[in-house]
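The sequence and model are shown first.

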Amino acid sequence: MADTQQSIPQAGRVIRSQLTGIGAYLPRDLISNDELAKRVDTSDAWIRERTGIRQRYLAQPDETCAFMATEAARMALADAGVAAEAVDAVLLATATPDQAFPATAVRVQAAIGAKGFAFDLSAACSGFIYALTVADALIRAGQARNVLVIGSEVYSRIMNWEDRGTCVLFGDGAGAVLLQAGEGDGSHADRGILSAHIHSHGDLGDILYVDGAVGRSDRPGHLVMHGREVFRHAVAKLSETVQQTLVACGLTIADIDWLVPHQANMRIIDGVGRRLGIPAEKVVVTVDQHANTSAASVPLALHAAYTDGRVKRGQLIMMEALGGGLTWGSALVRF
Ligand code: ACO
């Protein structure tokens, strides 16, 4: 539970959104590059060399966005030792909802028995950072105290399996965290989200998009990407937003214990790491295992580093992501 149950902090104290639980769900079906090469004109060597990806998990029909989100949410609650009835908001970041409406978040709310309110948030691969930022604002405004923030994606359903330039890059999965209202003194020694920053440039909407919509049964849509342009923007914008968040906290890259980047592509992760000057040992990498799971990628990577013991209480964790929109952002949390 949170350190305090008060809604209004004492004089000289501030409300902080503390990250108290982490959960994840990966589909049952594990597909290696070699197995994919039986269905698509590609090779393990090409995929590994260009992206670092070795395998991905692909959802079966019963592994829907809501199902995976619910599993991840339950795990995050169990990790925090918090009952579902105590949850007063569910924010679900996804570009692949089960239905146009109701929001997949309300399906999760019903499945776990949470209270309060629930809604989906669409910011493609940056969705989890966007949802964290919004949840943090809700908590600090006193609108909610226990918020589930989830990223859940089934990109396998929006892949053009004839386009080898994109279909090899993505995987399915879900990750979730529980944020709980706590208190701090306003310094960067506080536990919780210390600063979060989000951005979008709508004029770059045509370099990464889905050419249809859930509401169009004639054309549910496939992902389309101009990979080199995305790459160019990704390295520059992700480095900038991480610096922005550090400056807002009066910290430098040397203060960071872990960088948990969006897991799109090893070359982007390396490029951002080099620009920031952060040692590779401090960068959490799961793109080799999960491929790009869009809004689920950051919480899935965080969960991996948490369960293998790398991420520990009190450490400073920088998260960042960039995706269709373009959207991008970063969030710094003391775990
Ligand atoms: N297997 C084998 N060959 C392939 C494949 C494949 N899966 N895909 C493309 N090729 C071939 C092409 O046909 C082309 O062949 P040609 O030279 O004979 O015409 C050659 O490989 C080069 O194709 P490009 O598309 O130019 O490949 P590029 O070197 O740009 O690499 C990649 C593609 C890896 C996607 C790169 O552009 C990149 O890293 N982009 C970053 C964007 C990214 O990773 N996006 C992920 C989603 S967005 C996000 O989450 C931020």
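## Basis of the description

Helices (H or I, at least four residues) and strands (E, at least two) are DSSP runs, numbered from the N terminus. The model is predicted, so local features need pLDDT of at least 70 and side-chain atom pairs count only at pLDDT 80 or more, whereas totals for chains, interfaces and linings use all residues. Residues are numbered from 1 along each chain as its sequence is written, and side-chain values use heavy atoms, with hydrogens and water left out.

## Ligand surroundings

The ligand is surrounded by 23 residues, the closest being Thr 42, Arg 50, Arg 164, Asn 265 and Asn 292; a residue is near a molecule or strand if one of its heavy atoms lies within 4 Å of it. Polar contacts are pairs of N or O atoms within 3.5 Å; within protein, one atom must be able to donate a hydrogen and the other to accept it, and residues adjacent in sequence count only if both atoms are side-chain atoms. A polar side-chain atom of Arg 50 is 2.5 Å from a ligand oxygen atom, and for Asn 292 the corresponding distance to an oxygen atom of the ligand is 2.8 Å. In the side chain of Trp 46, an N or O atom is 3.2 Å from an oxygen atom of the ligand. Taken alone, the ligand exposes 1000 Å², of which the protein buries 73% (accessible areas by the Shrake-Rupley method with a 1.4 Å probe; for residues, only the protein chains shown count as cover).

Helix 2 (44-51), helix 6 (164-167) and helix 7 (227-249) are the elements that give two or more residues to the shell around the ligand. Helix 7 gives the most, with four residues. Domain 1 (4-184) and domain 2 (192-334) each supply at least three residues to the shell; the domain bounds come from an automatic or database domain assignment. By class, the shell has twelve nonpolar, seven polar and four charged residues. Here Ala, Val, Leu, Ile, Met, Phe, Trp, Tyr, Cys and Pro count as nonpolar, Asp, Glu, Lys and Arg as charged, and the others, Gly among them, as polar.

Five strands form an open sheet in the order 1-7-6-4-5, with mixed pairing; two strands pair if DSSP finds at least two bridges between them. Strand 1 (14-25) and strand 5 (117-121) stand at the edges with a single partner strand each, so one side of each is left without a neighbour in the sheet. Neighbouring strands are turned by 20° against each other on average, direction ignored (axes are lines fitted to C-alpha atoms, for helices over the stretch in contact, and angles run from 0 to 180 degrees between N-to-C directions).

Eleven bridges join strand 1 and strand 7 (residues 172-184) in the antiparallel sense. Gly 23 stands opposite Ala 176 in strand 7.

Strand 11 pairs with strand 12 (residues 316-323) in the parallel sense over four bridges. The bridge partner of Trp 258 in strand 12 is Ile 317.

## Backbone exceptions

Most residues other than glycine have a negative phi, and most peptide bonds are trans. Phe 101 and Pro 102 are joined by a cis peptide bond with omega about 0°; Pro 102 lies in the loop between strand 4 (89-93) and helix 4 (104-112). The peptide bond from Gly 325 to Leu 326 is also cis, with omega near -20°, and Leu 326 is found in the loop between strand 12 and strand 13 (327-334).

Ala 124, a residue other than glycine, has a positive phi near 50°. Ala 124 is located in the loop between strand 5 and helix 5 (127-140).
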